[in-house]
Amino acid sequence: GPIPKELGGSDRLVVLDVKENYLSGDLSVLDDLPGLALIQLQDNAFTGIIPDVDLTNLLVLQTHGNELSGSMPQTYCGKLESNGGSLKSLTADCAEVECDCCTQCFTNPPSSVSPHFVHQGTNQDISVEPSQASSTNPSTVPTSSIATAPIYSTEIQCCGMTAKEREENLQNVLKDVSDINLISDSFSPQGKAFNWLLYEDGVCMCPNDSSLVQRYVMAVFYFSTNGDSWTSCSADPEETDCEGGVRYLSPVDVCTWKGSQCKRSGAIKIIDFESMNVTGTIPSELSSLQDLQQLYLEKGGLTGSIPPSLGDLTNLRVIDLNFNSLTGPIPKELGGSDRLVVLDLNDNYLSGDLSVLDDLPGLALIQLQDNAFTGIIPDVDLTNLLILQTHGNELSGSMPQTHCGKLESNGGSLKSLTADCAEVECDCC
């Protein structure tokens, strides 16, 4: 059905995230929601045009994967960071919606995909027949099991190398991404990913291939988060369905794998998994995806800590890890990024203080509720702050007046400010 018109008129609604459903109708409700900052409408069945609305706080507008038409209003183009605004992500189906300013254009996928096809800017459903796989493994459907290493032959195989030469050269490249001992351990996520590249991947990756590291990292992500237990798009077609995407470990470009979205260059820009039983741990190797801007791993069963290496991702704008079982502090290494806009960590078991906020001046949405954080709430002048939720922790002290002064009631843009007022003195929450 449609987005109810009754939602219109609320200037407090900041996030409208209804992606990947079967919603339909037009988007006229946006005319009456002036406070929206994050709008994710992709992968539905919306029709009509994209309304021309001056959304002052807009950070993300994603409209691809629908049946929209017309053109992208210049109002949104003018709000892009490249034009001095705050809009960080603007997407559309550019074959149907004319958009010369979108940060990412999506198009219908080609009718067939070869193993080395670089499929840019889409996450649509592509059926891969066994005959499309590499000639080195023409009929095998990739699985996550560890293949038995073959007896090495001196025969020249793919990449113009013997199997032994290829293994050694691949390992020489990937040792800069993962600890060599982990790569050599067939039971570690890194070892499983490496063995998959060597013996099971239908795409013959060569040591000098520019996409080698990205393909390896995404395979590590699969094994590190127990991909075989995902509820959708795991490697084995007998275990899960995979509607609206391509299975992980399929013999095509990783940009087409479910949950991955890439820039025009083919570099991964977004990793998006929600309610897919993503468990295990977040691999530190994600730090090698230098173009990664948005990381959504919501409503899973992730354990362990947030990797400090995520601080190496200088383009990262969204970290959304809510409703998991993560422990430990927010890594200090995340500090210093003026690009990070969303820090959504609510409903975990995170601890430690919040001093990292001192070094994240670009944050707009901060959701830290229902963890085990201690100490005081830092007094930081966060210019773009829209939401700050801190309740359900073990914090103390008082709410800084800097945050109180940013409330809408005081003429600012802060729409939601929460605390445990029995422990944190707050007369403005």
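In strand β6, E67 is the bridge partner of T47. Strands here are DSSP runs of E with at least two residues, numbered from the N terminus, and two strands pair if DSSP finds at least two bridges between them. Keep in mind that this is a predicted model: local features need pLDDT of at least 70, side-chain atom pairs count only at pLDDT 80 or more, and totals for chains, interfaces and linings use all residues. Residues are numbered from 1 along each chain as its sequence is written, and side-chain values use heavy atoms, with hydrogens and water left out.

**The sheet**
- β4 and β6 (residues 67-68) pair in the parallel sense over 2 bridges, and G48 stands opposite L68 in β6.
- β2 (residues 24-25) also pairs in the parallel sense with β4 (residues 45-48), over 2 bridges, with S24 opposite A45.
- Put together, you get an open sheet of 3 strands in the order β2-β4-β6.
- β2 and β6 are its edge strands, as each pairs on one side only.

**The second largest pocket**
- A pocket is an open set of points on a 1 Å grid over the protein atoms alone, where a 1.4 Å probe fits, with protein on both sides within 12 Å along at least five of seven lines.
- This one holds about 390 Å³ of space, a volume being the space filled by probe spheres set on the points.
- Its lining (residues with an atom within 4 Å of a point) counts 23 residues, and V15, E298, D320, D344 and Q367 lie nearest the centre.
- Strands including β1 (15-17) and β18 (365-367) each supply at least two lining residues.

Technical notes:
Helix = DSSP H or I, 4+ residues; strand = E, 2+ residues; numbered from the N terminus.
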